Amino acid sequence: MSQSIGLGFDPDELREKYRRERDRRLRPDGNTQYRRAAGEFGYYAKDPYTPRVEREPLTDRVEVLVVGGGFGGLLTGARLREAGVDSVRMLDEAGDFGGTWYWNRYPGIQCDIESYVYMPLLEEVGYVPEWRYAPGEEIRRHAVAIGRHYGLYRDAVFHTRVTRLRWDEDAAEWSVDTDRGDAMRARYVVVSSGTLSQPKLPGIPGIEEFRGHTFHTSRWDYGYTGGTQDGGLTGLADKDVAVVGTGATGLQVVPHLARDARRLYVFQRTPSSVDVRDNRPTDPAWAASLPPGWQRERMENFLAVVSGENVEHDLVHDGWTATARLQRKMLTGAVDTTLDPEERERLDELADFVKMNEIRARVDEIVNDPSTAESLKPWYRYMCKRPGFSDEYLQAFNMPSVTLVDTADHGGVTRMTESAVVVGDAEYEVDCVIFATGFETGVSGVLSGTLPVYGRGGTPLLETWARGPRTLHGFYTHGYPNLFHLGSLQNANSVNFVHILQEQAGHIAAVIAAARKTGARYIEPTPEAEEAWCTTIRESATDNSAFLAECTPGYYNAEGTRRQATTSYSPGPVAFHRILAAWREGDLSDVLVTDTSGIPAATTNLHDHEEG
Ligand code: NDP
């Protein structure tokens with residue numbers, strides 16, 4: 001008997017269609033198809049927003065050095081200040097705070113998670129976002145406001161990259177080298193360098209031959225396009241423009257380019273799913289009615305809903321919360337244990353087919369030209385790629401000046417010439433090529449090796465982790481005292497990653513505060529506690545390999561090469577945060593090393609540098 005009876009579609013047919021669509025996109029070169037925005041392509045990654053100012057190298061000492069000035073770093077700085085830590089230095093490669101919101105300033109940029117749960121510390125800073133999904137500039141300004149509110153500019157250094165961290169056992173502190181020739185010292189180092197920070201370019205043959213104008217969306221050239229993040233790109237009125245890439249960024253940028261360029265060619269390899277956005281200004285009466293503690297409650301509620309927890313009321317009620325069940329497995333590995341695994345998988349897959357059918361039907365409803373509509377339909381499971389939301393993107397393809405160029409049969413853009421983008425035999429002459437081609441994954445931070453860390457006895461961290469990362473709760477590793485990591489590794493994950501960062505920042509600040517209070521010599525997990533956590537991570541892990549293998553290539557599955565999705569705590573962020581809270585109730589003897597023989601205690605005032 002056909003499974004399609006009563007469903008209105010045939011699951012076998014859909015499964016087969018997904019496989020065909022995946023297979024025509026799989027490339028043998030996987031992740032190596034991309035080019036780094038470095039060396040001869042280094043100009044793609046240069047900071048167009050803030051001039052670099054020369055300064056003397058620093059050789060001073062702080063209590064806490066925070067590497068990264070995005071929301072992870074800012075939250076850590078804020079929580080440390082609240083815990084009474086005065087000597088905090090923030091450090092970032094960018095020219096100011098904001099992290100991804102510093103770099104990404106393209107027209108149309110917007111938060112794709114509701115801003116009331118995404119933008120951190122709203123109550124602390126005394127702010128309510130103006131829009132439900134805030135524009136990027138509002139978010140960037142909020143990052144700056146956090147920096148000001150907590151006095152984090154005081155010792156901050158920008159346009160600076162850490163090149164080496166070395167533990168000095170005698171002084172019980174870290175020695176920190178940077179690309180500015182600094183040789184700073186810090187008792188504690190917190191690494192929050194983000195995951196998607198380095199722009200990447202497609203390895204299109206002839207990319208360097210192109211003589212027109214070109215840039216990456218994360219370094220938008222308003223000098224060329226005119227206008228602002230709100231649009232009005234008057235410089236493009238007499239230009240034919242190509243945009244390569246249709247991920248979350250492409251979705252936001254295309255409507256503006258469509259409006260303002262003379263001609264727009266959108267080069268698509270895999271279409272995104274594009275669901276309803278329904279953005280709206282914040283209702284002032286609602287904002288005025290919010291009781292103290294409202295943001296934490298809303299954030300907790302959103303996290304619980306999208307993590308598949310049983311929640312009575314869905315406070316956010318948007319496209320993310322509506323698809324919680326589809327996200328749960330991919331992001332956290334969490335599963336509904338009340339069902340037998342096969343039945344669970346069958347129901348999950350059916351729900352996925354229904355959702356994706358709805359997304360595909362929306363394309364037909366909006367896009368007039370049937371062949372363009374066909375190309376814009378995504379054929380894969382909902383969480384194979386970051387789901388997209390827009391009420392303007394699909395509509396842009398109804399404009400006579402906009403052409404969708406489907407490159408799927410050619411594995412992407414074929415080549416570039418001095419004046420054109422070529423797909424197969426067709427050449428598209430353009431004045432400007434804009435790359436919305438995303439970011440390198442796993443290139444920043446300690447795992448990539450770009451930030452070499454030497455612990456006790458000079459042992460490189462990557463040597464200690466040669467057979468896989470080893471941490472307690474994802475934060476710290478035996479042999480690397482007073483060093484903390486933010487991120488999803490052996491910690492938690494969620495689509496609202498800022499929430500995860502907020503929990504991490506609070507935890508780190510609490511542990512440092514406890515070390516100061518007890519005069520601990522340093523913070524370092526015992527080998528036993530670390531081993532126990534690695535075992536917990538391993539034993540609770542759920543296998544995502546089948547799901548990922550079926551997915552169309554993208555950065556979630558390392559272009560079709562990765563078979564295991566996540567190394568975070570599989571039962572999900574809510575369960576993980578409960579573990580952390582319970583652990584903090586204890587005596588922290590897993591990490592507080594109190595042997596003080598000959599070493600200054602952590603309470604010593606280390607703030608002996610000049611204040612800027
Ligand atoms: P993505 O990596 O998601 O998208 C890159 C795009 O470039 C894809 O469409 C890809 O196609 C395409 N591409 C790559 N190489 C080629 C080629 N050779 N020829 C043609 N096309 C090519 O990057 P984004 O910048 O869009 O998004 C990255 C992440 O940043 C998001 O997933 C999200 O997490 C975050 N983000 C969040 C936003 C927010 O509002 N919070 C907004 C924007 C981004 P293919 O899919 O076939 O590989």
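Strands (E, at least two residues) and helices (H or I, at least four residues) are DSSP runs, numbered from the N terminus. The open sheet has three strands in the order S14-S15-S16, with antiparallel pairing. Because strand S14 (415–416) and strand S16 (426–429) stand at the edges with a single partner strand each, one side of each is left without a neighbour in the sheet. Strands of a sheet pair through backbone hydrogen bonds, either parallel or antiparallel.

The model is predicted, so local features need pLDDT of at least 70 and side-chain atom pairs count only at pLDDT 80 or more, whereas totals for chains, interfaces and linings use all residues. Residues are numbered from 1 along each chain as its sequence is written, and side-chain values use heavy atoms, with hydrogens and water left out.

A polar side-chain atom of Thr-249 lies 2.6 Å from an oxygen atom of the ligand, and for Thr-270 a polar side-chain atom lies 2.5 Å from an oxygen atom of the ligand. With Asp-112 a backbone N or O atom is involved, 2.9 Å from an oxygen atom of the ligand. The protein covers 89% of the 920 Å² of accessible area that the ligand has on its own, areas being computed by the Shrake-Rupley method with a 1.4 Å probe.

Helix H18 (residues 527–540) has 14 residues and reaches 20 Å from its first C-alpha to its last, close to the 20 Å expected at 1.5 Å a residue, the expected span being 1.5 Å times one less than the number of residues. Within H18, Ala-529, Glu-530, Trp-533, Cys-534, Thr-535 and Ile-537 are buried, that is, under 20% relative accessible area, with exposed meaning over 50% and partly exposed in between (1.4 Å probe, protein chains only). The buried residues of H18 pack against helix H20 (573–584), contact meaning heavy atoms within 4.5 Å.

Thr-321 lies in helix H11 (residues 319–322) and counts as buried because its relative accessibility is 7%. Its side chain makes a polar contact with the side chain of Asp-314 (2.7 Å), a polar contact being a pair of N or O atoms within 3.5 Å; within protein, one must be able to donate a hydrogen and the other to accept it, and residues adjacent in sequence count only if both atoms are side-chain atoms. A polar atom of the Thr-321 side chain also lies 2.9 Å from the backbone nitrogen of Asp-318.

Asp-278, in the loop between strand S11 (274–275) and helix H9 (284–289), has a positive phi of about 55° although it is not a glycine, and at 38% relative accessibility Asp-278 counts as partly exposed. Gln-490, in the loop between strand S19 (483–485) and helix H17 (497–518), has a positive phi near 55°, and at 6% relative accessibility Gln-490 counts as buried.

How values were computed
Two strands pair if DSSP finds at least two bridges between them.
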